[in-house]
Amino acid sequence: MVATHQPRGFSLVEILITLAIMGVVATFAIPKVLDSRNSNTNLSARQTTMAREVAFMIMNAYEQYKAANNTVPANLKASDLTPYMNYVSVLPTTTQLDSHANTGGIISTCTGGTGSSQIGVCLRLHNGGALWAGSSTHFGGTTPRNVVFFRFDPNATYEGAVNDAPGMGMQMALYYDGSIRSRRQLKSATTYYHIPSNSYPVDGSVATADPSWFTGF
């Protein structure tokens with residue numbers, strides 16, 4: 001008669017030893033992983049990814065607006081697109097957010113209305129950041145170089161009068177043709193219209209206008 005070997009499971013002692021070894025490994029490995037995640041390099045990568053997601057959301061909202069209205073008026077404001085966006089909540093009108101790098105600490109205010117060009121509607125986003133959509137400027141025309149402006153603040157916190165910081169905001173320009181660019185990448189002869197004044201040309205791109213964390217779309 002041929003003897004057969006019955007499969008044997010792990011004993012309690014073996015399981016306890018394995019768990020103890022895993023605990024020792026975790027004790028040393030987890031802090032290193034967390035340190036790596038919190039490094040400036042990874043922070044920059046995460047915030048750039050957030051900015052790209054926001055840019056896609058803006059472009060998608062623009063396409064939804066066009067589909068719903070069958071046209072895009074020459075006086076469309078950035079804030080007109082917010083009903084077509086996915087966000088958590090509208091931030092209080094007392095909220096202050098960053099503008100973009102190297103502006104000397106210009107504040108994006110969330111009061112709505114049609115006053116200063118810094119006025120707009122602010123949205124709390126699912127990724128933890130905030131989006132400012134201008135409400136006192138509009139396209140001012142239907143040429144491909146007409147823009148409306150958005151500002152994305154990755155930590156939804158005003159940094160104060162600083163030129164650059166890990167949580168500094170960035171400006172996004174949505175063109176009438178549906179393309180989007182950062183402040184550093186603006187087309188030449190870019191134009192917007194400020195209520196109730198006239199159209200304003202923007203002097204093209206500004207090399208230092210994007211925060212250092214942003215690596216491009």
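The largest pocket is lined by 15 residues, of which Gln 118, Phe 149, Arg 151, Gln 171 and Tyr 192 lie nearest its centre. A pocket here is an open set of points on a 1 Å grid over the protein atoms alone where a 1.4 Å probe fits, with protein on both sides within 12 Å along at least five of seven lines; lining residues have an atom within 4 Å of a point. Two elements, β7 (147-153) and β11 (199-202), each give two or more residues to this lining; strands are DSSP runs of E, at least two residues long, and helices runs of H or I, at least four, numbered from the N terminus.

The model is predicted: local features need pLDDT of at least 70 and side-chain atom pairs pLDDT 80 or more, whereas totals for chains, interfaces and linings use all residues. Residues are numbered from 1 along each chain as its sequence is written, and side-chain values use heavy atoms, without hydrogens or water.

Strand β7 is covered on both faces: Val 147, Phe 149, Arg 151 and Asp 153 on one side, and Val 148, Phe 150 and Phe 152 on the other, are all buried (under 20% relative accessible area, 1.4 Å probe, protein chains only). β7 pairs with β8 in the antiparallel sense over six bridges, pairing being at least two DSSP bridges between strands. In β8, Gln 171 is the bridge partner of Arg 151.

The largest nonpolar core has 29 residues, among them Leu 81, Phe 150 and Phe 152; such a core joins buried Ala, Val, Leu, Ile, Met, Phe, Trp, Tyr and Cys residues through side-chain atoms within 4.5 Å. Its largest share, nine residues, comes from α2.

Key. Buried < 20%, exposed > 50% of the residue type's maximum accessible area, 1.4 Å probe, protein only.
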